[in-house]
Amino acid sequence: MSIQQPADLTHAAMLGLGVHRPERLVTNDEICEVLDSDDEWIRTRSGIRTRRFAGEEETLVGMATSAAERALEAAGVRADQLGCVIVATSTHPEHTPASAALVADALGVKAAAFDVSAGCAGFCHALNLASSMVRSGAETHVMVIGVEQLSRFMDPTDRGTAFIFADGAGAVVVGPSDATGIGPTAWGSDGSQAHVITQTPSCLGGHGSPVVQMEGTAVFRWAPFAMAEVAHEALRLAGVAIDDLDAFIPHQANLRITQTLARNIKLPESVAVATDVVDSGNTSAASVPLAMEAMLRKGEAEVGDVALLIAFGAGLSYAGQVVALPPVA
Ligand SMILES: CC(C)(COP(=O)(O)OP(=O)(O)OC[C@H]1O[C@@H](n2cnc3c(N)ncnc32)[C@H](O)[C@@H]1OP(=O)(O)O)[C@@H](O)C(=O)NCCC(=O)NCCS
């Protein structure tokens, strides 16, 4: 007897993108009502001018579902075509059940559903899983969502984090395609630096939830250099030259990290660079899809453009791949 497996390999691509940007816009001045800092310092050190925090009515599952519905619309795919829902997040308030099962239920489907915990790199990890499933024929359509509600998990008086992190959601439908739309993923981790970004019960915030703590300078020393190697590896795996990129969309950690990384990889001037962190802050696992949407909406990149995604964060973990940008709702 032999065990049956799905038929031929196929190509996978992002078929549609949707986001949910929370309604409440929060300025640096508002942050500094509680934080001992000022607008000028925050702009200079991080590039951030505003960010969004979920309002009273907005939940993590609600934001994820809203982004997913828009991604389905952009892709022209029905919810009942989804075989799997993957949510990348570090801020689902419960250990179990996974937020993905609640999102699948809100979408009205009984698809396989699970969460991925890879910090700010979660979306690019989940994209690799989804792409692998579709290419292998295991599933035809997979929903990938990056969502965070970091405003619940911050100490508003912490000078190292309070001005950086923010809320939001971005989702893509991954499905079959005539050509490769998601290149091979360069990914890995360095657990020897796990202490650099943490969220542990030893440090509880106002909601009784563990708050994010970060050694900002250690992240700064690591990311722009280690991620340059990952960028080159993702390009090599995809067989794409850096000059052939249309867009560079790194995790929106901090504008200075983005700029230093772009310099380190010798990114040509012609390549558009995502700067959504200026408006949206650092939304961790949601930042890459939110930044894709911002570039498409503003006309800085177009559907079908070839983009390099690179995400990095807690773990320390990282993942990057070359992709074709999807249509957006
Ligand atoms: C957080 C970060 C902006 C801090 O900048 P930094 O230059 O490393 O700051 P330092 O902690 O060395 O402090 C430098 C000075 O600014 C002051 N400072 C620190 N935080 C401040 C704040 N929020 N507001 C005003 N002043 C602040 C310090 O007291 C220090 O003052 P001093 O020189 O008089 O002693 C920076 O480390 C960073 O961006 N790191 C990467 C973080 C990130 O993107 N993480 C994402 C992970 S996915």
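How far apart do the end C-alpha atoms of residues 114-191 lie, and how much of the span is helix and strand? I looked this up first. The end C-alpha atoms of residues 114-191 lie 23 Å apart. The span is 19% helix and 33% strand. Helices (H or I, at least four residues) and strands (E, at least two) are DSSP runs, numbered from the N terminus.

**Ground rules.** I am working on a predicted model, where local features need pLDDT of at least 70 and side-chain atom pairs count only at pLDDT 80 or more, while totals for chains, interfaces and linings use all residues. Residues are numbered from 1 along each chain as its sequence is written, and side-chain values use heavy atoms, with hydrogens and water left out.

**Annotations.** I then looked at residues 236-323: 33% helix, 24% strand, with end C-alpha atoms 13 Å apart.

**Domains.** I found the chain divided into domain 1 (11-177) and domain 2 (186-324); the bounds come from an automatic or database domain assignment. Their centres, taken over C-alpha atoms, are 15 Å apart. The contact (heavy atoms within 4.5 Å) takes 47 residues from domain 1 and 43 residues from domain 2.

**Ligand.** I turned to the ligand next. Both domain 1 and domain 2 give residues to the shell around the ligand, so the ligand lies between them. The shell holds 19 residues, each with a heavy atom within 4 Å of the ligand. The closest are Ser 37, Arg 45, Gly 216, Thr 217 and Asn 254. I sorted the shell: 10 nonpolar, 6 polar and 3 charged. Here Ala, Val, Leu, Ile, Met, Phe, Trp, Tyr, Cys and Pro count as nonpolar, Asp, Glu, Lys and Arg as charged, and the others, Gly among them, as polar.

**Polar contacts.** I listed pairs of N or O atoms within 3.5 Å. Asn 254 has a polar side-chain atom 2.4 Å from a ligand oxygen atom. Thr 217 has a polar backbone atom 3.4 Å from an oxygen atom of the ligand. Trp 41 places a polar side-chain atom 3.4 Å from a ligand nitrogen atom. On its own the ligand has 960 Å² of accessible area, and the protein covers 69% of that (Shrake-Rupley method, 1.4 Å probe). Helix H2 (39-46) and helix H6 (216-238) are the elements that give two or more residues to the shell. H6 gives the most, with 4 residues.

Technical notes:
A polar contact is a pair of N or O atoms within 3.5 Å; within protein, one must be able to donate a hydrogen and the other to accept it, and residues adjacent in sequence count only if both atoms are side-chain atoms.
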